[in-house]
Every structure is written in C-alpha cells, then in structure tokens.
Amino acid sequence: MPRERGEKVVASNRKARHDYSIGDTYEAGMVLSGTEVKSLRAGRASLIDGYAFIEGGEMWLDAVHIPEYTAGTWTNHPPRRKRKLLLHKQEIVKISHKTKEGGYTLIPLRIYFLDGRAKVEIAVAKGKKEFDKRQTLRERQDKRESDRAMSARRNLGD
C-alpha cells in the first residue's frame, strides 16, 4: 500500500493550452533518478520548453527542467536531461501514427505524483496560428463579460 494517497501537482504548462489545440492526452510514468524525485517532491520543475518524442519504439521527454536537489552531492542529476517515459506499446504506436500525420507534436501538460509515483500528462497537440490565439482570447473575454453582466443583473433583482 502506498504511503501517499491522491494526486499532488508539481508543475503545469498553462501556456500550452494557449499555444496549442490539445487532442488526446496520455498519462505516462517517468524513469527518474533519486535526486530528481526529491527535487520534484520539493515542488520544483518547469515544463515551459519541454516536448516528447518517439525514438526506437520508446518515448522520451526532453528539455524539461528539474533543478538539482539542493542537498545533493556529486550524485546530482543534470537539470535538462532526456527522460524515458513509460507507456504501453500500443499507446506508443497509436501516438506515433498520430504524430506522423503532420502538424502534431507531443507536449507535457503537467507533472504530478499519483499515489506516490511521478507521472507526466502528455498531449498530442497541434500548434495554433496567431489568429486562432486571438480568437480564443476574444471568446474568453466575451464569456467573462457576459457572465459579469448576468451576475450584475441577478444582483439587481435582489
């Protein structure tokens, strides 16, 4: 039985939802060294430039910054190394077919602990054009304004 219960989010990539239209998402385990796990448990990681790729039938996570563990010694890890992701073979094949279609990329959305095990949520995403980003911002702003107007109208009725 695991010592920890539930889900604890360490890092999330909020900008990814702005820059990409998210398709399918997958949960993958990560192969980490001891100091990487300790650094993640301290809540330190950055997904800003991170991406995933498939090489030789295996999935890898690259350019994700997990800083060195402060209490670590010569056993510390390099902060931006390639990390292997653990997925079922069928999932890797399905993802590789999707990315070979063109225009799709693999981006990490968040790193979290699930029942004490480090996981990463990977998304198959397609990059948005500049006008798509503006359209999304406009829709979000319009929704916010309509909600504000509805709330004001509701409060007036009291």
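**What do the buried residues of H2 pack against?** They pack against strand E1 (7-12), E2, strand E5 (83-86), E6 and E7, where packing is contact, meaning heavy atoms within 4.5 Å. A quick word before the views: this is a predicted model, with local features needing pLDDT of at least 70, side-chain atom pairs counting only at pLDDT 80 or more, and totals for chains, interfaces and linings using all residues. Residues are numbered from 1 along each chain as its sequence is written, and side-chain values use heavy atoms, with hydrogens and water left out.

**View 1. Helix H2 and its buried side.** Here we look at helix H2 (residues 34-41), where Thr35, Glu36, Ser39 and Leu40 are buried. They cover an arc of only 140° around the axis, which puts them on the same side of H2; the arc is that of the directions from the helix axis to the C-beta atoms. Buried means under 20% relative accessible area, exposed over 50%, and partly exposed in between (1.4 Å probe, protein chains only). Helices (H or I, at least four residues) and strands (E, at least two) are DSSP runs, numbered from the N terminus. Just after H2 comes Gly43, with a positive phi of about 85°.

**View 2. Helix H3, one face in and one side out.** H3 (residues 89-100) has twelve residues and spans 17 Å from first C-alpha to last, close to the 16 Å expected at 1.5 Å a residue. That expected span is 1.5 Å times one less than the number of residues. Ile92, Ile95 and Ser96 are buried in this helix. Down the axis of H3, the buried residues fall within an arc of 100°, so they line one face of the helix. On the other side, Gln90, Lys94 and His97 are exposed. The cover over the buried residues of H3 includes strand E2 (20-30), strand E3 (51-55), strand E4 (58-62), strand E6 (104-114) and strand E7 (117-127). Just after the helix, Gly102 has a positive phi of about 110°.

View 3. Thr105 sits in E6 and is partly exposed, at 27% relative accessible area. Leaving aside neighbours within four places in sequence, Thr105 is in contact with Tyr20, Ala123, Val124 and Ala125. Thr105 and Phe53 are 52 residues apart in sequence, yet 8.1 Å apart in space, C-alpha to C-alpha. Tyr112 is also found in E6, and at 3% relative accessibility Tyr112 counts as buried. Not counting residues up to four places away in sequence, Tyr112 touches Glu7, Lys8, Val9, Val10, Glu27, Arg117, Ala118, Lys119, Val120 and Glu121. Tyr112 and Lys100 are twelve residues apart in sequence and 28 Å apart in space, C-alpha to C-alpha.

**View 4. The largest pocket.** About 160 Å³ of space lies in this pocket. A pocket is an open set of points on a 1 Å grid over the protein atoms alone, where a 1.4 Å probe fits, with protein on both sides within 12 Å along at least five of seven lines; lining residues have an atom within 4 Å of a point. Grid points are joined across faces, edges and corners, and the volume is the space filled by probe spheres set on the points. Gly29, Met30, Leu32, Val37, Leu86, Phe113, Gly116, Arg117, Ala118 and Lys119 make up the lining. E2 and E7 each supply at least two lining residues, and E7 gives the most, with three. By type, the lining divides into six nonpolar, two polar and two charged residues. Ala, Val, Leu, Ile, Met, Phe, Trp, Tyr, Cys and Pro count as nonpolar, Asp, Glu, Lys and Arg as charged, and the others, Gly among them, as polar.

**View 5. Two loop residues with positive phi.** Most residues other than glycine have a negative phi. Ala63, in the loop between E4 and E5, has a positive phi near 65° and is buried, at 16% relative accessible area. Asp115, in the loop between E6 and E7, has a positive phi of about 50° and is partly exposed, at 30%.

View 6. Lys129 is in the loop between E7 and H4 and counts as exposed, at 53% relative accessibility. Lys129 and His77 are 52 residues apart in sequence and 37 Å apart in space, C-alpha to C-alpha. Lys133 lies in helix H4 (residues 130-157) and is buried, at 17% relative accessible area. Beyond neighbours within four places in sequence, Lys133 is in contact with His18, Asp19 and Lys128.
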